[in-house]
Amino acid sequence: MIEDDELINIWQSSSNQERIKFEKSRLILEMKSSLDRFQKSVKYRDLRETLGTIVMIPIFSYMVYTIPYTLSKIAAFLIVLWLIFMIIKLKSLNKHKPNTLTNSYIDYLYQWKNYLSLQKKMHDTAPYWSLLPVLTFTVLFILGTVLGTNINLKQHLLRLIIMGVIIIGCGFFIYFYNKWYIKKQYIPRLKKMEELIKTMEE
């Protein structure tokens with residue numbers, strides 16, 4: 001087994017060109033491993049989200065016809081439209097998946113950089129196209145149910161307060177979790193991608 005001192009000696013005795021080749025090979029292998037993990041997580045996320053929407057669409061479509069409360073009917077219909085929008089949005093991102101049959105590895109890296117940037121942008125803007133609509137429609141749905149029942153004002157107020165606390169709490173959790181996910185999954189990969197592209201172009 002080669003000792004650390006021997007590795008250092010080999011490295012020091014290598015020419016600059018050999019060192020550059022070694023550095024490029026190391027970065028390529030690291031990037032490949034990182035992108036493989038990322039692609040698996042995206043594939044799992046898309047499958048989970050697609051299956052979830054496929055299950056939820058008929059449920060809320062049924063509620064549109066069965067729930068007697070007008071406000072809840074409207075909210076259920078809006079939720080169905082939003083779920084359809086979700087499927088379309090996920091499918092549109094898949095069109096930007098990198099093509100392995102590119103002319104060069106640099107082109108392939110630029111495709112990945114673009115794809116990662118689009119995925120990051122989707123998470124960056126998620127509070128506006130995902131979180132806010134979901135919370136709004138949920139409030140409308142529950143509000144329609146609560147106001148449609150024959151209970152006194154105090155019970156109405158108590159339910160609305162509990163509902164508000166739960167929804168706001170969930171909203172904050174999802175928002176900060178999304179920020180953490182971007183910082184953990186996207187920013188390091190994009191930084192390494194820039195480093196690898198710069199190295200490959202030298």
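**Group meeting: a buried aspartate and some helix packing**

Let's start with Asp46, which is found in helix 2 (residues 16-66). Helices here are DSSP runs, H or I, of at least four residues, numbered from the N terminus. A word on the source: this is a predicted model, where local features need pLDDT of at least 70, side-chain atom pairs count only at pLDDT 80 or more, and totals for chains, interfaces and linings use all residues. Residues are numbered from 1 along each chain as its sequence is written, and side-chain values use heavy atoms, with hydrogens and water left out.

Is Asp46 buried or exposed? Asp46 has a relative accessible area of 10%, so it is buried (under 20%, with a 1.4 Å probe and protein chains only). What does Asp46 touch, leaving aside residues up to four places away in sequence? Leu90 and Asn94. Contact means heavy atoms within 4.5 Å. Asp46 and Leu90 sit 44 residues apart in sequence, yet their C-alpha atoms are 6.8 Å apart.

Next, helix 3 and helix 5. Helix 3 covers residues 70-94, helix 5 covers residues 126-148, and they pack at about 160° with axes 7 Å apart. Axes are lines fitted to C-alpha atoms over the stretch in contact, and angles run from 0 to 180 degrees between N-to-C directions. The pair is therefore roughly antiparallel (over 145 degrees). Which residues meet? Among them are Trp82 and Phe85 in helix 3, and Trp129 and Phe137 in helix 5.

Last, helix 4, residues 105-124. Its 20 residues should span 28 Å at 1.5 Å a residue, and its end C-alpha atoms are 28 Å apart, which agrees. The expected span is 1.5 Å times one less than the number of residues. Buried residues in helix 4 include Trp112, Tyr115 and His123.

Technical notes:
Helix = DSSP H or I, 4+ residues; strand = E, 2+ residues; numbered from the N terminus. Parallel < 35°, antiparallel > 145°, perpendicular 65-115°, else oblique. Buried < 20%, exposed > 50% of the residue type's maximum accessible area, 1.4 Å probe, protein only.
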